[in-house]
Amino acid sequence: MATFTIFGTGNMANAIGGLVADGGASVQYISEEQSGSAAIEGDIVVLAVPYPAVDAIIGAYGDALAGKTVVDITNPLNFETFDELVVPAGSSAAQEIAAKLPNSHVLKAFNTTFAATLASKTVGDLTTTVQIAGDNAESKAALAAAVEAGGVKAIDAGALKRAHELEAFGFLQLTLAVAEKVQWTGGFAVIA
Ligand SMILES: NC(=O)c1ccc[n+]([C@@H]2O[C@H](COP(=O)([O-])OP(=O)(O)OC[C@H]3O[C@@H](n4cnc5c(N)ncnc54)[C@H](OP(=O)(O)O)[C@@H]3O)[C@@H](O)[C@H]2O)c1
């Protein structure tokens, strides 16, 4: 059975936790208040927090995250302008996080699926697909198996450097939703 620890108790934390729990995984949530004091129980750790909050978690749990699969789900936007990403050009939040956690298996996932589409498991008439990028095949397979057990599809989007494209994709989808050109219950779907 997959074991998850999810940092955050917001929209994405609950959507991802609910999804993998449907597939039989155990899920521990660590709230902002508990962050720093609660021990990590899961093997797959999901950072379901805003990108600026990630550094505090790495600072508090860097050693405890060694050997774990760490899933970055952030869309690292400048939320003041909604017009740019805050990570260095050509890079990604996931690669920045991986550089700070050299002993963890960092994955990028869930940033291209709105929370509502993880909860409903559909985008329009299609089953939701979680795109996963990362450099560790075993970690990617374990996350893919957990989300598929929960009732959505997973696709291996390639190496962690593909997080750059996934973040561009997530950025575009967000701007479309903010402009009310797509609904928060919709967005891009994948036909494999
Ligand atoms: N919403 C979506 O559809 C969607 C889709 C793709 C990706 N994302 C990404 O997913 C992430 C979470 O988004 P969300 O919509 O779930 O936001 P949200 O509903 O505002 O939830 C954010 C959560 O992070 C918690 N938090 C902040 N700092 C923390 C810390 N140091 N330790 C533990 N928890 C902390 C917050 O706790 P408090 O409430 O106590 O401050 C809150 O529970 C963001 O990076 C976002 O870009 C969101």
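## Overall build

With 192 residues, a compact globule would have a radius of gyration near 16 Å, and this chain comes out at 15 Å, which agrees. That radius is taken over C-alpha atoms, and the globule rule is 2.2 Å times the number of residues to the power 0.38. Keep in mind that this is a predicted model: local features need pLDDT of at least 70, side-chain atom pairs count only at pLDDT 80 or more, and totals for chains, interfaces and linings use all residues. Residues are numbered from 1 along each chain as its sequence is written.

The C-alpha trace spans about 40 × 35 × 30 Å along its principal axes. You'll find six helices and nine strands in the chain; these are DSSP runs numbered from the N terminus (helices are H or I, at least four residues; strands are E, at least two).

## What's tucked inside

Buried residues make up 44% of the 192. Here "buried" means that 20 or more other C-beta atoms, placed from the backbone, lie within 10 Å of the residue's own.

Take helix α3 (residues 93-100): six of its eight residues are buried, so the helix is largely enclosed by the rest of the structure. Those six are A93, A94, Q95, E96, I97 and A98. They pack against α2, β4 (69-72), β5 (105-109) and α6 (163-178), with a contact being two C-beta atoms, placed from the backbone, within 7 Å.

On the parallel side, β5 pairs with β4 over four bridges (strands pair if DSSP finds at least two bridges between them). V70 has V106 in β5 as its bridge partner. The chain gets from β4 to β5 through α3, and this β-α-β crossover is right-handed: with the strands pointing away from you, the path from the first strand over the helix to the second runs clockwise. β5 also pairs with strand β8 (residues 129-134), this time in the antiparallel sense over three bridges, and L107 has G134 in β8 as its bridge partner.

## Around the ligand

There are 25 residues around the ligand, and G10, M12, S35, A53 and T74 come nearest (near means that the C-beta atom, placed from the backbone, lies within 6 Å). Two elements give two or more residues to this shell: α1 (11-22) and α2 (54-61). α1 gives the most, with three residues.

Note on methods: A residue is buried if 20 or more other C-beta atoms lie within 10 Å of its own, exposed if 12 or fewer, and partly exposed in between; C-beta atoms are placed from the backbone.
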